[in-house]
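Please keep the sequence and the structure in view while reading.

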Amino acid sequence: TLIDEARTGRLTFGYPVEHLSSPGYVAETVLERIRFAVGDAFDLPLGTDRRFDLVLCRNFLGYFKSERAASLTRDLAGRVAPGGRLFVDSFCLGKTPAIGRALTAAGLEQVDHHPVFAR
C-alpha cells in the first residue's frame with residue numbers, strides 16, 4: 001500500500017524507483033518521529049480529536065467541486081496543531097481558489113506564496 005511505501009521514508013512514493021535517477025528519502029531522525037494514520041477524509045477526525053504537526057494533502061482536493069473541496073479543506077485545517085503545517089497541491093490552489101480562502105478562514109496563513117499553510 002502507499003502507507004507501507006511512505007513508511008520507508010521515500011519522498012517520491014508512488015513512482016517506480018527504476019524511473020528515478022535519485023529518489024529522495026527523509027532522514028532517519030525525522031522518520032523516527034513520523035506516525036502514519038489511514039483514515040477517510042470524508043469522516044474526519046480519524047476517530048479522535050487529535051491534531052497533527054503536519055498534514056499532507058496531495059493530488060486530492062482538486063477532484064471535487066469548489067464547495068466540497070472547501071468543506072474538506074476546513075476539516076483538514078481543523079486537524080492542524082498549533083505551530084503545525086498543512087501542505088496542499090499548488091495545482092489545487094490555482095484550480096480551486098476556495099481552498100485557499102477556506103484555509104485562511106480556518107486561521108491558517110500561507111507561507112511565502114508556497115502551497116504550505118501554517119497555524
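## Helix 5 and its surroundings

In helix 5 (residues 97-105), the residues A98, I99, G100, A102 and L103 are buried, where buried means under 20% relative accessible area, exposed over 50% and partly exposed in between, with a 1.4 Å probe and protein chains only. These buried residues pack against helix 3 (66-77), strand 2, helix 4 and strand 4 (116-118), a contact being heavy atoms within 4.5 Å. Helices (H or I, at least four residues) and strands (E, at least two) are DSSP runs, numbered from the N terminus. After helix 5 comes G107, whose phi is positive, near 95°.

The model is a predicted one, in which local features need pLDDT of at least 70 and side-chain atom pairs count only at pLDDT 80 or more, while totals for chains, interfaces and linings use all residues. Residues are numbered from 1 along each chain as its sequence is written, and side-chain values use heavy atoms, with hydrogens and water left out.

An open sheet with mixed pairing is formed by 4 strands in the order 1-2-4-3, and two strands pair if DSSP finds at least two bridges between them. Strand 1 (52-57) and strand 3 (109-110) stand at the edges with a single partner strand each, so one side of each is left without a neighbour in the sheet.

Strand 3 pairs with strand 4 in the antiparallel sense over 2 bridges, and the bridge partner of Q110 in strand 4 is F117.

## Two buried residues

D89 lies in the loop between strand 2 (80-88) and helix 4 (90-95), and D89 is buried, with a relative accessible area of 18%. Not counting residues up to four places away in sequence, D89 touches C57, R58, N59, F60 and P115.

L31 belongs to helix 2 (residues 28-31) and is likewise buried, at a relative accessible area of 13%. Leaving aside neighbours within four places in sequence, L31 is in contact with A6, R7, T8, G9 and V26.

## The chain as a whole

The chain has 5 helices and 4 strands, which run α-α-β-α-β-α-α-β-β from the N terminus on. Of its 119 residues, 29% count as buried, and among contacts between residues at least 6 apart in sequence, 58% join residues at least 24 apart. Along its principal axes, the C-alpha trace spans about 40 × 30 × 30 Å.
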